[in-house]
Number of protein chains: 10
Amino acid sequence: MPDPSLLETFATPTDSPFLIEHTHEEFTSVCPKTGHPDFGEIILRYVPAATCVELKSLKLYFQSFRNEGIFYEAVTNTIRDDLVASLHPEWLQIVTKWHGRGGIRSRIFATHGDVPAEWKRG
Amino acid sequence: MPDPSLLETFATPTDSPFLIEHTHEEFTSVCPKTGHPDFGEIILRYVPAATCVELKSLKLYFQSFRNEGIFYEAVTNTIRDDLVASLHPEWLQIVTKWHGRGGIRSRIFATHGDVPAEWKRG
Amino acid sequence: MPDPSLLETFATPTDSPFLIEHTHEEFTSVCPKTGHPDFGEIILRYVPAATCVELKSLKLYFQSFRNEGIFYEAVTNTIRDDLVASLHPEWLQIVTKWHGRGGIRSRIFATHGDVPAEWKRG
Amino acid sequence: MPDPSLLETFATPTDSPFLIEHTHEEFTSVCPKTGHPDFGEIILRYVPAATCVELKSLKLYFQSFRNEGIFYEAVTNTIRDDLVASLHPEWLQIVTKWHGRGGIRSRIFATHGDVPAEWKRG
Amino acid sequence: MPDPSLLETFATPTDSPFLIEHTHEEFTSVCPKTGHPDFGEIILRYVPAATCVELKSLKLYFQSFRNEGIFYEAVTNTIRDDLVASLHPEWLQIVTKWHGRGGIRSRIFATHGDVPAEWKRG
Amino acid sequence: MPDPSLLETFATPTDSPFLIEHTHEEFTSVCPKTGHPDFGEIILRYVPAATCVELKSLKLYFQSFRNEGIFYEAVTNTIRDDLVASLHPEWLQIVTKWHGRGGIRSRIFATHGDVPAEWKRG
Amino acid sequence: MPDPSLLETFATPTDSPFLIEHTHEEFTSVCPKTGHPDFGEIILRYVPAATCVELKSLKLYFQSFRNEGIFYEAVTNTIRDDLVASLHPEWLQIVTKWHGRGGIRSRIFATHGDVPAEWKRG
Amino acid sequence: MPDPSLLETFATPTDSPFLIEHTHEEFTSVCPKTGHPDFGEIILRYVPAATCVELKSLKLYFQSFRNEGIFYEAVTNTIRDDLVASLHPEWLQIVTKWHGRGGIRSRIFATHGDVPAEWKRG
Amino acid sequence: MPDPSLLETFATPTDSPFLIEHTHEEFTSVCPKTGHPDFGEIILRYVPAATCVELKSLKLYFQSFRNEGIFYEAVTNTIRDDLVASLHPEWLQIVTKWHGRGGIRSRIFATHGDVPAEWKRG
Amino acid sequence: MPDPSLLETFATPTDSPFLIEHTHEEFTSVCPKTGHPDFGEIILRYVPAATCVELKSLKLYFQSFRNEGIFYEAVTNTIRDDLVASLHPEWLQIVTKWHGRGGIRSRIFATHGDVPAEWKRG
């Protein structure tokens with residue numbers, strides 16, 4: 001099941017603010033209602049404070065949802081909360097995009113902190 | 001290993017502010033965790049003060065990362081810091097875009113100074 | 001683990017030859033060497049004899065590979081062999097297309113019987 | 001339920017052979033297994049003998065499948081058989097293309113008679 | 001109503017065989033069943049014998065269908081027959097493509113004579 | 001008026017057969033029926049024998065049609081015949097493509113000699 | 001330097017012939033003339049005999065060229081020869097595509113054995 | 001002026017036949033009639049015999065045309081002849097594509113030897 | 001001739017402001033100068049007050065221009081005025097786009113009332 | 001030579017302000033320096049006062065430049081001035097876009113009056 005203890009961090013290599021984006025295109029979990037697998041994409045964007053998330057540990061953390069029965073909305077908020085607890089970032093945003101089910105495609109957006117000025121201007 | 005002494009500069013040929021963008025699509029370094037090579041693209045944008053970076057020396061500087069074990073975040077900030085130290089620019093931005101690893105694609109954005117008005121309006 | 005007993009069939013609704021193609025874009029199994037999940041797309045094309053495969057049972061059969069450690073090549077041939085054993089079709093083709101791993105994308109093609117004339121002409 | 005008596009014909013306006021293609025993008029029927037609606041596209045191609053199918057009657061015939069529980073394969077062959085019985089054409093081909101269900105997209109191809117030379121060369 | 005006497009011809013300016021294609025994107029006639037206007041595109045291809053069709057007269061001939069109640073199939077064959085009677089060409093092909101009606105798009109293909117070798121090879 | 005004496009040639013610089021294609025996108029002449037200008041594109045392809053056409057003289061030759069009242073079909077065959085008379089090529093093909101007039105777009109294809117094997121295979 | 005002993009194989013999981021394609025987009029070696037890095041893509045296609053190449057070992061084998069000074073042509077033929085020696089396949093094809101150098105982009109094609117019928121028809 | 005002595009070769013690294021393609025997008029020479037610069041792209045394809053052309057020397061050879069007044073046709077055949085004299089290849093093809101001049105774009109195709117079977121099938 | 005009495009309305013089903021857009025791609029009328037048919041596309045956008053236009057009646061109203069000799073500018077303003085008289089909308093915009101005639105394509109924009117804030121920003 | 005007396009007008013069919021755009025893609029004149037033809041596109045946009053320009057007369061006016069030796073800049077301003085003198089519009093804009101000559105493509109913009117608010121917002 002989702003295991004935030006898998007998340008490893010390393011010291012942010014600079015005091016200057018900067019922005020990181022990781023896009024994971026192979027997320028899968030299980031629908032708690034039908035038992036069928038769900039497939040989606042997870043976008044993580046953040047401005048680090050003292051620590052950054054190590055990439056391989058992030059992959060293992062995402063893989064820990066593989067056989068978990070969990071709704072899209074809970075996936076999105078769980079990932080945000082686990083990463084905020086682990087990284088204490090200045091700002092963090094999770095966007096999840098899900099494959100169609102019954103003719104419906106979904107996207108969920110969850111944020112922690114204020115959008116940095118640089119990201120606002122696109 | 002990354003060698004900022006490779007960077008050569010020449011005198012900026014004008015007093016009027018202007019903006020330079022160099023895009024390098026063949027960056028490679030090594031993952032410090034797995035030992036496998038990483039591949040990415042480096043975008044350098046800056047408004048010069050007294051000096052500009054010479055293009056062939058910039059290529060050799062980028063190539064000096066080839067066998068270095070270093071995280072994406074450190075690559076991005078190291079390049080920003082080395083170029084700021086060498087050029088003392090009005091403004092400088094490094095964007096790195098990395099090939100997928102374990103199903104995760106990444107981008108990192110690091111900036112020095114205030115975004116010039118001309119770049120803001122796109 | 002892969003369970004061909006999940007496959008259900010129904011009587012082919014006509015004696016005239018015809019051709020069926022099912023494309024499954026959400027296949028996942030596990031790499032037997034690294035333990036990491038693999039993701040891919042499965043294309044099944046066949047000319048039925050007496051029976052056709054029921055679509056929901058096909059989905060459940062594909063899902064039974066979810067936690068199986070198995071190479072791409074074995075996935076492709078196992079699916080071909082299980083469906084040939086279940087359907088005894090006139091012709092059947094499996095094409096699998098796999099997401100990148102370590103910078104390598106793969107496709108595998110496996111066939112049973114002779115390509116029907118109508119499919120040859122595209 | 002599917003009602004071939006809705007099909008109306010008119011006399012083919014020439015003795016010279018020619019080829020007709022009608023593409024219907026708004027077909028819907030019901031899955032007999034899950035009770036959920038299916039959506040697809042029907043392509044009808046034929047070389048008429050003595051009669052052609054009238055277009056509005058064809059639309060009404062397609063609409064008569066709206067609340068019918070029927071597999072993709074049976075839809076395809078039923079349409080082919082009803083139109084062959086109604087038109088006695090020289091050649092007739094039905095291609096059906098179905099929206100994704102459970103991550104699986106499908107196409108079915110059914111034919112009556114030999115492909116005319118002109119269609120073969122594209 | 002459709003008036004082939006509008007068609008004017010001029011002497012083919014060479015004895016060497018050559019191929020002509022005219023594409024008319026603004027064809028309109030009226031559905032004989034519903035009274036609503038139909039819209040489509042007419043493609044005329046031919047290898048002339050002694051005469052070619054004059055382009056402005058061809059436009060006027062196409063415009064003469066404007067308020068005629070006539071099926072797609074009859075439009076296609078009438079145009080072929082009128083042009084064959086007027087031009088006695090070596091080869092002639094009419095392709096008509098019709099806008100959607102009731103969710104159905106149509107194409108009709110009618111030919112006179114054998115496809116010339118040069119057109120076959122595309 | 002069209003003036004083939006404008007065409008200049010130079011000695012083919014090799015005995016080995018080779019193929020030349022010139023595409024002129026700014027052709028204009030005048031409709032002999034309406035007096036309005038026509039606009040089109042001329043594609044010339046040929047395998048030279050002893051002489052090649054000089055490019056600037058070709059442009060001047062094409063410009064000599066500027067105020068000539070002449071049908072599309074005659075333009076195409078006149079250019080073919082003038083170039084064949086001037087170059088005595090192994091093979092030569094003229095394709096003309098004309099802007100829309102009265103909602104009709106046209107293309108004309110005229111050839112001299114047999115299509116060379118290399119061009120056939122594309 | 002290129003090390004074919006890195007290549008590992010596993011027993012082909014079926015006696016029926018099938019076709020495998022691996023595309024590696026992150027190949028890099030060094031130009032033996034200038035010392036600068038080269039970047040390219042390697043496509044491997046083969047019909048296996050008794051053994052298949054294991055994917056992670058293939059990646060490590062490709063990575064062993066990283067600091068080797070070697071021409072494009074030698075890269076292509078070395079990979080073909082090493083894989084033929086390791087796999088003894090029915091058919092094998094290597095296509096390499098190289099980034100631009102001095103304004104020149106290159107592709108190299110090397111093959112072992114006869115193209116299988118199924119691949120020929122695309 | 002064009003200097004074939006710039007071409008350097010190296011020994012073909014294998015006895016097995018293979019195919020090489022180099023595409024140079026930055027070719028420029030001078031029109032001998034107008035004195036204006038011409039710009040184009042040169043594609044070289046060949047099956048080597050005992051020697052291959054070294055890439056940097058090929059670039060320098062192409063650059064030696066920069067201030068030469070020479071027709072497109074002569075450029076194409078000169079390059080073919082110089083490379084055939086230098087490489088004695090099994091098969092060699094030069095395709096040149098030229099920017100518009102006076103509204104005319106050109107392509108020239110020149111070949112030495114028979115097209116290899118593998119290239120024919122594309 | 002254009003007949004606004006064909007327009008039927010129904011009561012707007014809400015008091016909240018909202019925006020409606022209808023695009024008709026099959027408009028045809030007749031040029032009053034040449035007698036030849038014109039073809040175009042009509043875009044109607046409006047924010048309703050108490051009534052909305054019924055869609056089938058709108059189609060019949062558009063069809064009533066079919067044999068009317070009328071300039072583009074008058075078509076555009078007539079439609080705007082007839083719909084404003086029928087609907088008394090908060091805001092209404094007509095955009096007409098016309099097929100080329102004599103090498104000239106046209107668009108006409110006519111508006112009633114102030115552009116709503118929501119339309120301005122998107 | 002350019003003949004503004006060819007321009008015909010008709011009374012604007014409404015008192016409400018509206019905007020008209022005509023795009024002419026077949027403009028040709030002659031370069032006064034070289035005598036060679038120029039080709040371009042003319043875009044006319046205006047908000048009429050009491051009169052609108054009749055489309056066929058506009059085409060004839062554009063055609064009157066066909067054999068005139070005149071620079072791009074003079075074409076653009078002549079057309080603006082002639083149309084302003086003929087129409088006395090609220091606002092009028094001419095944009096000319098010219099085919100490449102000697103590797104240079106050009107656009108010219110000329111305006112009369114203030115840009116209307118509706119056009120400003122795109």
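You're looking at a predicted model, where local features need pLDDT of at least 70, side-chain atom pairs count only at pLDDT 80 or more, and totals for chains, interfaces and linings use all residues. Residues are numbered from 1 along each chain as its sequence is written, chains are lettered from A and ligands numbered from 1 in the order in which they are written, and side-chain values use heavy atoms, with hydrogens and water left out.

Now colour helix α2 of chain G, residues 72-87, and you'll find Thr76(G) in it. (Helices are DSSP runs of H or I with at least four residues, strands are runs of E with at least two, and both are numbered from the N terminus.)

What does Thr76(G) touch, leaving aside residues up to four places away in sequence? Show Ile94(G), Thr96(G), Ile108(G) and Ala110(G); contact here means heavy atoms within 4.5 Å. Zoom in on Thr96(G): its side chain makes a polar contact with the side chain of Thr76(G), at 3.0 Å. (A polar contact is a pair of N or O atoms within 3.5 Å; within protein, one must be able to donate a hydrogen and the other to accept it, and residues adjacent in sequence count only if both atoms are side-chain atoms.)

Next, hop over to chains C and D. Here 28 residues of chain C are in contact with 23 residues of chain D. The area buried between them is about 2100 Å², with carbon and sulfur atoms giving 52%; that is the accessible area (1.4 Å probe) that two parts lose on being put together, summed over both.

Pick Glu8(C) and Lys33(D), whose side chains meet in a salt bridge, 2.8 Å from N to O.

Which element gives the largest share of the side of chain C that touches chain D? Select β2(C), which supplies 9 residues.

Last stop: His22(C), which stands opposite Ser106(D) in β6(D).

Note on methods: A salt bridge is a side-chain nitrogen of Lys or Arg within 4 Å of a carboxyl oxygen of Asp or Glu. Two strands pair if DSSP finds at least two bridges between them.
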